[in-house]
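Here is a friendly briefing to read alongside the model.

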Amino acid sequence: MTDVVSIGNVSVKFSSDRGETEALRDVSFDLPRGGFLSILGPSGCGKSTLLRVVADLVAPSSGSVSLFGRSPSEARRARDLGFVFQDAALLPWRTVRENVELPLEVGDGARLLEKASKPEDLLDLVGLSQWHRAYPHELSGGMRQRVSIARALVTGPKILLMDEPFGALDEITRDRLNDELLRIWKETGTTILFVTHSIPEALYLGERVLMLAAHPGRVREMVPTRLPSARELSLRESPDFVKQAGELRGILETCG
Amino acid sequence: MKGDTRRRVLPAAALAGILLLWWLAVALFRIPEYIIPSPLHVARTLFGDFGTIVRNLVPTAVESVLGFLLGNLLSIAVAALFVHQRTIEEAFFPLAIIVRSIPIVALAPILVLLFGNDMAPKVIIAALVCFFPTLVNMVRGLSDVNPQALELMKILSATKGEVFWKLRMYNSLPYLFAALKIAASASVIGAIVGEWIGATEGIGALIIHATYNFDTGLLYAAITAACVFSVLFTSLISFLERRLVKWAPGGV
């Protein structure tokens with residue numbers, strides 16, 4: 001099975017002065033290539049830790065992770081991974097364009113230059129081509145996050161990991177970026193793992209929603225979304241959407 | 001007045017007011033010239049003895065600039081070492097913070113005894129007063145990096161060198177310049193103190209000479225020259241800061 005992201009019985013334990021905390025216990029799921037998985041759960045459910053295990057930032061205490069047949073560290077070295085953080089984490093001394101180019105400058109990024117997307121095309125994709133010479137402090141929060149999405153996509157990653165990327169934005173910006181993300185997903189065909197604590201966002205974006213329970217973080221339920229594949233904002237008012245959001249809320253209440 | 005004009009005119013008016021008060025006080029209270037000279041007398045000396053003052057300002061300026069370069073380059077190198085060798089930092093950084101609170105100028109006589117009467121001890125004193133403030137700021141600037149930016153570099157498989165040159169070094173620049181602006185004026189103080197202990201030329205030597213001879217006009221003129229140099233030096237650093245640090249401070 002090399003055409004899936006496969007997480008098998010992953011557990012993560014952190015030891016600190018106050019003893020051992022179990023961040024994740026026996027988490028398993030599969031995600032086919034090109035899929036969009038929302039990961040939803042209360043704080044403390046380890047959803048960020050799960051993303052960091054996939055990104056090779058946290059080593060699992062046990063269990064297996066296969067990213068299209070590669071281990072996280074192999075995938076990281078092959079530049080299969082793009083990561084979008086909650087705060088855009090742009091380098092303030094670099095212009096928008098220079099920020100997007102960063103992944104091609106460090107590590108062995110230069111060897112990707114041929115297959116990499118052109119930074120200007122990506123800025124076009126996220127609607128910021130006018131702003132390529134601006135510095136991050138000249139941009140709004142939503143624009144910064146678009147730059148960081150362009151930066152994550154510049155190496156043409158097979159998997160895009162997003163850790164509450166729109167959590168700090170106002171609702172209007174967030175809705176607009178949700179639609180843009182869906183468009184980008186369709187245009188690039190990349191596989192996306194999207195962590196959020198917003199029920200409507202998880203439901204609107206994902207093909208499935210992985211619900212995690214807290215203390216320790218574990219899989220509560222994998223919920224397929226029963227929504228038309230062509231999504232637009234008005235969908236959020238539809239009875240189907242409202243009904244399913246209510247179901248997710250019901251499950252989420254048993255997760256804390 | 002518009003904001004820009006205000007910012008220029010008001011301090012100039014304040015300075016003129018202080019000079020006027022000084023002149024009035026000396027004239028009204030008949031303060032003898034060997035205690036406080038009038039500003040006019042200082043101005044006359046400044047122009048009359050211009051050659052003497054410049055001849056003595058040059059060695060002081062050279063000592064402070066050399067000391068500034070030596071002290072700051074060294075502290076930047078040590079800060080880079082600290083950030084990459086945590087054990088060395090844990091061993092020496094607390095010591096550096098303690099040594100920073102020692103009044104370095106009090107060590108001046110020791111350095112003069114060690115390095116003789118020429119330029120070397122003055123340069124070393126100037127370097128020492130620059131070293132510790134810059135070291136402390138630089139260590140902070142190199143380490144206080146946005147943790148998500150560090151994670152990003154790890155995901156990009158960046159080498160330690162790339163993390164240093166593309167992330168830590170830039171991150172430290174605002175901290176570095178804050179220290180350099182203090183170091184610029186501190187290095188002038190260091191050089192002058194060094195000259196007090198033992199020198200035949202330099203602003204420090206001129207100050208001692210003028211004091212012993214109750215030549216207050218020359219004393220005040222020498223101090224004014226040192227002030228002007230110090231302000232110009234600090235302004236140069238501010239200018240470089242504006243050219244090099246164009247982004248807003250704080251993380252984005």
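In which crossing, left-handed or right-handed, does α5(A) pass α6(A)? α5(A) passes α6(A) in a right-handed crossing, where right-handed means that the near helix is turned clockwise from the far one by less than a right angle, and left-handed that it is turned anticlockwise. This is a predicted model, in which local features need pLDDT of at least 70, side-chain atom pairs count only at pLDDT 80 or more, and totals for chains, interfaces and linings use all residues. Residues are numbered from 1 along each chain as its sequence is written, while chains are lettered from A and ligands numbered from 1 in the order in which they are written.

**Helix pairs**

- Helices α5 (residues 141-153) and α6 (residues 171-188) of chain A have axes 11 Å apart and pack at about 15°. Helices (H or I, at least four residues) and strands (E, at least two) are DSSP runs, numbered from the N terminus; axes are lines fitted to C-alpha atoms, for helices over the stretch in contact, and angles run from 0 to 180 degrees between N-to-C directions.
- That angle makes α5(A) roughly parallel to α6(A) (under 35 degrees is roughly parallel, over 145 roughly antiparallel, 65 to 115 roughly perpendicular, and the rest oblique).
- A:Gly142, A:Gln145, A:Ile149 and A:Leu153 of α5(A) make the contact with A:Thr173, A:Leu177, A:Ile184 and A:Thr188 of α6(A); contact means that C-beta atoms, placed from the backbone, lie within 7 Å.
- This contact has four nonpolar, four polar and no charged residues. Here Ala, Val, Leu, Ile, Met, Phe, Trp, Tyr, Cys and Pro count as nonpolar, Asp, Glu, Lys and Arg as charged, and the others, Gly among them, as polar.
- In chain B, the axes of α4 (residues 86-100) and α6 (residues 119-143) come within 9 Å and cross at roughly 140°, which makes α4(B) oblique to α6(B).
- α4(B) passes α6(B) in a left-handed crossing, and the residues in contact include B:Phe93 and B:Arg100 of α4(B) and B:Phe132 and B:Val139 of α6(B). Nine residues of this contact are nonpolar, none is polar and one is charged.

**The six-stranded sheet of chain A**

- This open sheet runs in the order β5-β6-β7-β3-β8-β9, with mixed pairing (two strands pair if DSSP finds at least two bridges between them).
- β5 and β9 (218-224) of chain A each have a single partner strand, so one side of each is left without a neighbour in the sheet.
- Four bridges pair β3 (residues 36-40) with β8 (residues 208-213) of chain A in the parallel sense, and A:Ser38 stands opposite A:Val209 in β8(A).
- α1(A) packs on this sheet, touching β3, β6, β7 and β8 of chain A.
- α5(A) lies across β5 and β6 of chain A, at about 170° to β5(A).

**The three-stranded sheet of chain A**

- The order of this open sheet is β2-β1-β4, with antiparallel pairing; β2 (19-32) and β4 (62-67) are the edge strands.
- β1 (residues 4-16) is joined to β2(A) by 10 bridges, and A:Glu20 in β2(A) is the bridge partner of A:Ser15.
- α1 (residues 47-54) of chain A also lies across β1, β2 and β4, at about 65° to β2(A).

**Between and within chains**

- Contacts between the chains involve 22 residues of chain A and 19 of chain B. On the chain A side, α2 (72-77) and β5 (81-84) are the elements giving two or more residues.
- That side of chain A has 15 nonpolar, three polar and four charged residues.
- An automatic or database domain assignment divides chain B into domain 1 (1-31) and domain 2 (38-244), with 30 Å between their centres, taken over C-alpha atoms.

Conventions
Two residues are in contact if their C-beta atoms, placed from the backbone, lie within 7 Å.
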